[in-house]
Amino acid sequence: MVFEPPKRLVRALGETAPDGDDWLEKLPEAAQQAVALRELTVERVQVPGGRSSLVVLVRAADGTPAVLKLAPGRARPEAERAALAHWAGRGAVQLLEPFSAEGVLLLERLHPDVSVRSLPEAKALLEAAGTLRRLWVEPPGDFPFETVADRTGRQAEAMRARAQADPEVAPLVDLALAAREELLAAPPEHRLLHGTFRQSKVLGAERMPWLAVGPDPVVGECTFDLARLVRDRVEDLIAQPSGAATTRRRVKRLAESLDVDQERLRGWTLFRAVESGVRAGRVGRPRDAELLLEFASWL
């Protein structure tokens with residue numbers, strides 16, 4: 001089988017590495033080798049798939065359905081492996097192979113075409129939040145996960161540079177950076193976080209109704225993780241005349257349901273929305289940038 005990367009993956013990797021690299025060029029051969037080494041039977045490549053990895057639906061030699069995932073180093077697949085191993089299937093997809101070649105993960109098969117986004121909005125938020133809660137555990141001491149301070153520090157530098165080049169975004173960037181400084185001054189806890197959690201990262205499963213996939217793990221406070229969930233279905237929020245009020249109610253409801261500080265959740269939601277909006281503008285997605293920055297202005 002020829003392992004052709006989905007267009008979504010090619011486009012997304014082009015945004016994160018505009019000068020290109022050789023990972024995509026080597027991907028078909030790497031996928032063939034990973035399949036042959038494990039004696040897997042390939043069913044299909046998942047399309048449209050993710051923005052940072054090739055996902056292949058396979059069966060093991062004994063017929064067990066599984067997922068083979070290949071990701072470039074900049075997607076931090078070894079951190080994902082370490083987090084999944086630490087969660088050991090509690091709230092997240094199960095590793096079927098704890099140790100393997102760098103950048104290759106063999107995972108339990110979930111229902112790849114069924115996420116909580118298929119549920120009505122209120123139910124989807126409830127189920128997603130419940131799944132996220134199970135992931136917030138003490139981090140292992142033997143893996144140097146990135147911290148929220150480190151990750152957002154890199155993002156803050158890019159945001160400042162963009163604000164200098166585009167004065168229109170500068171006021172929101174200043175608000176977001178000020179919120180970050182205040183939040184980092186006294187974090188209430190340090191937990192292992194999913195890092196990129198949203199409704200599409202929660203898939204239907206057999207052993208539990210819903211399980212999380214695709215973490216980009218980071219260690220920090222829980223509201224950082226929850227912040228990305230606040231803006232799920234942002235297009236629908238923007239289209240509503242009451243979008244701003246709905247957003248504020250969502251912050252309140254999620255904070256109360258997971259027993260976290262509402263103002264800290266609002267602050268991280270602001271920072272993450274502005275960061276995503278600025279990044280979208282920088283890589284040539286002006287419509288996404290407009291939506292995200294309008295959403296941020298409501299906070």
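**Pockets, helices and strands**

Student: How many residues of the lining of the second largest pocket are nonpolar, how many polar and how many charged?
Tutor: This is a predicted model, where local features need pLDDT of at least 70, side-chain atom pairs count only at pLDDT 80 or more, and totals for chains, interfaces and linings use all residues. Residues are numbered from 1 along each chain as its sequence is written, and side-chain values use heavy atoms, without hydrogens and water. Ala, Val, Leu, Ile, Met, Phe, Trp, Tyr, Cys and Pro count as nonpolar, Asp, Glu, Lys and Arg as charged, the others, Gly among them, as polar. The lining divides into nine nonpolar, three polar and four charged.

Student: What is the volume of the second largest pocket?
Tutor: On a 1 Å grid over the protein atoms alone, a pocket is an open set of points where a 1.4 Å probe fits, with protein on both sides within 12 Å along at least five of seven lines; lining residues have an atom within 4 Å of a point. The volume is the space filled by probe spheres set on the points. Here that gives about 240 Å³.

Student: Which helix gives the largest share of that lining?
Tutor: Helices are DSSP runs of H or I with at least four residues, and strands are E runs of at least two, numbered from the N terminus. Of the 16 lining residues, those closest to the pocket centre include Ala30 and Leu70. The largest share, nine residues, comes from H2.

Student: At what angle do H1 and H2 pack?
Tutor: Leu9, Val10 and Leu13 in H1 meet Trp23, Leu24 and Leu27 in H2 (contact means heavy atoms within 4.5 Å). Their contact holds six nonpolar residues, no polar and no charged. Axes are fitted to C-alpha atoms over the stretch in contact, and angles run from 0 to 180 degrees between N-to-C directions. The axes lie 12 Å apart, at an angle of about 145 degrees.

Student: Which strands stand at the edges of the open sheet?
Tutor: Three antiparallel strands form the sheet in the order S5-S7-S8 (a pair needs at least two DSSP bridges). Two strands have a single partner each, so one side of each is left without a neighbour in the sheet. These edge strands are S5 and S8.

Student: Which residue forms a salt bridge with Arg59?
Tutor: A salt bridge puts a side-chain nitrogen of Lys or Arg within 4 Å of a carboxyl oxygen of Asp or Glu. In this pair, the closest N and O atoms are 2.6 Å apart. One partner lies in S2 and the other in S1, so the pair ties together parts 16 residues apart in sequence. The partner of Arg59 is Glu43.
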